[in-house]
Amino acid sequence: MSTRFFTPIAAVAVLALGACGGERASSGTAPAAADLVVRAVDGIAWDAKAYTATSTDGSITLYAGNDSTLPHSLQVLDKDGKKVGALVDLSSPGSSKTVEVALTPGSYRIICEVAGHTNMNSTLTVS
């Protein structure tokens with residue numbers, strides 16, 4: 001066989017292998033004013049099983065980042081399972097958002113509402 005046949009195949013193989021080993025997107029640095037930083041990580045998980053934050057005037061500044069290769073969302077639930085604040089869209093790898101969430105002292109849950117991401121269920125204690 002000639003090298004004219006193998007050269008294009010080798011080039012396609014190199015490109016395909018390079019695409020498989022892509023680096024995980026980073027959602028960047030959280031702002032200094034964030035009371036709580038939550039990051040989605042590979043393995044369909046948050047970066048911690050439990051978080052703590054201090055409420056200032058009945059709210060916290062929450063920075064959410066997607067350091068995973070999958071789309072995610074972030075929702076805070078109160079002790080009764082009711083949604084608190086707006087759903088945070090983290091649908092793109094590397095995406096992030098800072099939001100104010102009205103949270104008084106107590107216990108909450110942080111979940112991802114993407115189908116199949118039930119493992120992303122962490123506790124949040126606000127003082």
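How do strand 8 and strand 9 pair, and over how many bridges? I looked it up: strand 8 and strand 9 (residues 121–126) run antiparallel, joined by 6 bridges. Strands here are DSSP runs of E, at least two residues long, and helices are runs of H or I of at least four, all numbered from the N terminus. I take two strands as paired if DSSP finds at least two bridges between them.

**Ground rules.** This is a predicted model, where local features need pLDDT of at least 70, side-chain atom pairs count only at pLDDT 80 or more, and totals for chains, interfaces and linings use all residues. Residues are numbered from 1 along each chain as its sequence is written, and side-chain values use heavy atoms, with hydrogens and water left out.

**Confidence.** I checked pLDDT, the predictor's confidence in each residue on a scale from 0 to 100. The protein chain has a mean of 87, with 81% of its residues at 70 or more. Residues 5–22 fall below 50, and that stretch has 1 contact in the model beyond near neighbours in sequence. Contact, in these notes, is heavy atoms within 4.5 Å.

I traced an open sheet of 5 strands in the order 3-9-8-5-6, with mixed pairing. Strand 3 (50–53) and strand 6 (83–90) are the edges; each has a single partner strand, so one side of each has no neighbour in the sheet. On average, neighbouring strands are turned by 20° against each other, direction ignored. For that angle, axes are lines fitted to C-alpha atoms (for helices over the stretch in contact), and angles run from 0 to 180 degrees between N-to-C directions.

Next I went through the pairs. Strand 5 (residues 72–77) is antiparallel to strand 6 over 5 bridges, and antiparallel to strand 8 (residues 106–111) over 3 bridges. Leu 77 shows up in both: it stands opposite Lys 83 in strand 6, and its bridge partner in strand 8 is Arg 109. On the strand 9 side, Ile 110 faces Ser 122.

I also clicked on Gly 81, in the loop between strand 5 and strand 6. Its C-alpha is 8.0 Å from that of Arg 109, 28 residues apart in sequence. Gly 81 counts as partly exposed because its relative accessibility is 36%; the scale is buried under 20%, exposed over 50% and partly exposed in between, with a 1.4 Å probe and protein chains only.

**The core.** Which residues touch the most other members of the largest nonpolar core? Of its 23 residues, they are Leu 36, Val 38, Trp 46, Leu 74, Leu 103, Ile 110 and Leu 124. Strand 1 (36–41), strand 3, strand 4, strand 5, strand 6, strand 7, strand 8 and strand 9 each give two or more residues to it. A nonpolar core here is a set of buried Ala, Val, Leu, Ile, Met, Phe, Trp, Tyr and Cys residues joined through side-chain atoms within 4.5 Å.

**Asn 66.** Buried or exposed? Buried, because its relative accessibility is 0%. Asn 66 belongs to strand 4 (residues 59–66). I found its side chain 2.9 Å from the backbone nitrogen of Ser 68 and 2.8 Å from the backbone oxygen of Leu 90. My cut-off for a polar contact is N or O atoms within 3.5 Å; within protein one must be able to donate a hydrogen and the other to accept it, and residues adjacent in sequence count only if both atoms are side-chain atoms. Leaving aside residues within four places, Asn 66 also touches Pro 71, His 72 and Ser 92, among others.

**Ser 91.** Pro 71 and His 72 turn up again as contacts of Ser 91, neighbours within four places left out. Ser 91 lies in the loop between strand 6 and strand 7 (96–102).

Most residues other than glycine have a negative phi. I noted Ile 44 at a positive phi of about 50°, in the loop between strand 1 and strand 2 (45–46). Asp 57, in the loop between strand 3 and strand 4, has a positive phi of about 55°. Asp 57 is exposed, with a relative accessible area of 80%.
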